[in-house]
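Have the structure open as you read.

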Amino acid sequence: MSDPIKQFEEEKKERLAANRHNEALISSADAFNSASNKAQYSYNFTWMGRPIIQYPQDIIAMQEIIWQLQPDLIIETGIAHGGSIIYYASLLELIGKGEVLGIDIDIRAHNRDKIENHPMYKRISMIEGSSVSKETLERVKKITEGKQTVLVLLDSNHTHEHVLAELEMYSPLVTKDSYLVVFDTIVEHLPNYYLPNRPWKIGDNPFTAVQAFLKNNSDFISDMNIDNKLLISVAPGGYLKKIK
């Protein structure tokens with residue numbers, strides 16, 4: 001009798017491989033990515049009462065990664081309304097271990113109040129300050145001490161310069177076989193007029209920062225299995241796995 005779990009995994013691999021060559025599926029996903037970003041689709045969702053500003057596909061991808069890794073610490077740059085750090089904290093609560101560290105240059109009072117009074121705050125700590133300042137990094141390093149598995153997520157300022165600085169500063173904190181996830185790489189694939197009044201644009205965004213980082217850092221690879229699975233995502237090419 002065949003092993004049903006093994007069979008499921010083999011069938012999943014076949015589906016992911018087929019996705020790469022399914023022109024109708026890829027075309028439909030590309031169209032949705034463009035139209036949904038223009039419509040600010042990611043603002044439609046909340047997690048446990050807080051705006052999460054993520055796509056459902058990326059939310060599920062993060063759940064899979066977190067369950068697989070069962071990290072001791074999740075670091076995210078960019079807090080906004082707090083939905084994502086609350087989401088990660090809730091998953092860690094279900095697992096029964098771990099904590100979330102959120103970093104933002106400006107944690108607005110009304111957001112801080114909602115986060116600090118949320119049931120999941122017991123697994124959350126926050127740092128207000130620039131994610132690329134030496135002072136912030138030193139504080140983060142102290143928190144990582146003794147943590148066996150560390151996962152890092154970048155979702156703050158989306159300019160090339162800022163994201164590349166974050167990649168260089170935070171990549172050493174990621175533990176082997178864990179991930180460094182860079183959100184909003186989708187910017188490179190969208191027309192510039194989709195993002196009016198934003199400093200990031202085609203040629204100057206998280207995707208270009210990732211490409212520059214990977215050229216000089218062989219410790220990480222872009223996990224294309226995740227891209228092939230999601231197709232609809234704000235982080236194409238941004239799921240970076242630490243392989244050594």
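## Salt bridges

Searching the whole structure turns up ten salt bridges, a salt bridge being a side-chain nitrogen of Lys or Arg within 4 Å of a carboxyl oxygen of Asp or Glu. Side chains of opposite charge can pair when their charged atoms come close. Before we go on, please note that this is a predicted model, in which local features need pLDDT of at least 70 and side-chain atom pairs count only at pLDDT 80 or more, while totals for chains, interfaces and linings use all residues. Residues are numbered from 1 along each chain as its sequence is written, and side-chain values use heavy atoms, with hydrogens and water left out.

Start with Lys 229 and Glu 64, whose side chains form a salt bridge at 2.5 Å, N to O. Because Lys 229 sits in helix 9 and Glu 64 in helix 3, this pair ties together parts that are 165 residues apart in sequence. Helices (H or I, at least four residues) and strands (E, at least two) are DSSP runs, numbered from the N terminus. Lys 229 is partly exposed at 32% relative accessibility, and Glu 64 is partly exposed at 34%. Here buried means under 20% relative accessible area, exposed over 50%, and partly exposed in between (1.4 Å probe, protein chains only).

Next, the side chains of Lys 122 and Glu 93 meet in a salt bridge of 3.0 Å, N to O. This pair links distant parts of the chain, with Lys 122 in the loop between helix 5 and strand 5, and Glu 93 in helix 4, 29 residues apart. Lys 122 is exposed, at 59% relative accessibility, whereas Glu 93 is partly exposed, at 28%. Together with Arg 123, Glu 93 and Lys 122 are linked in a network of salt bridges.

## The nonpolar cores

Which residues touch the most other members of the largest nonpolar core? They are Met 62, Ile 66, Tyr 88, Leu 151, Phe 183 and Tyr 239, out of 39 residues in this core. A nonpolar core is a set of buried Ala, Val, Leu, Ile, Met, Phe, Trp, Tyr and Cys residues joined through side-chain atoms within 4.5 Å. Helix 4 gives the most to this core, with eight residues. Apart from it lies another core, of 24 residues, including Ile 75, Val 140, Leu 173 and Leu 180.

Tyr 88 is in contact (heavy atoms within 4.5 Å) with Met 62, Ile 66, Ile 74, Glu 76, Val 100, Leu 153 and Phe 183, leaving aside its neighbours within four places in sequence. Val 181 counts as buried because its relative accessibility is 0%. Not counting residues up to four places away in sequence, Val 181 touches Met 62, Val 152, Leu 153, Leu 154, Gly 238 and Tyr 239.

## Pockets

Rolling a probe the size of a water molecule over the atoms shows where empty space is left. On a 1 Å grid over the protein atoms alone, a cavity is a set of points where a 1.4 Å probe fits but cannot get out, and a pocket is an open set with protein on both sides within 12 Å along at least five of seven lines; lining residues have an atom within 4 Å of a point. Grid points are joined across faces, edges and corners, and a volume is the space filled by probe spheres set on the points.

The largest pocket holds about 1,200 Å³ of space. Among its 45 lining residues, Tyr 43, Ser 156, His 158, Arg 198 and Trp 200 are the closest to its centre.

The second largest pocket holds about 410 Å³. Of its 16 lining residues, Lys 12, Leu 16, Glu 64, Asn 225 and Lys 229 lie nearest its centre. Helix 1 gives the most to this lining, with five residues.

## A cavity

How many cavities of 30 Å³ or more does the structure hold? There is one, and the largest cavity has a volume of about 40 Å³. Its lining is made by Ile 52, Gln 54, Asp 58, Ile 59, Met 62, Tyr 87, Tyr 88 and Phe 183. Helix 3 gives the most to the lining of the largest cavity, with three residues.
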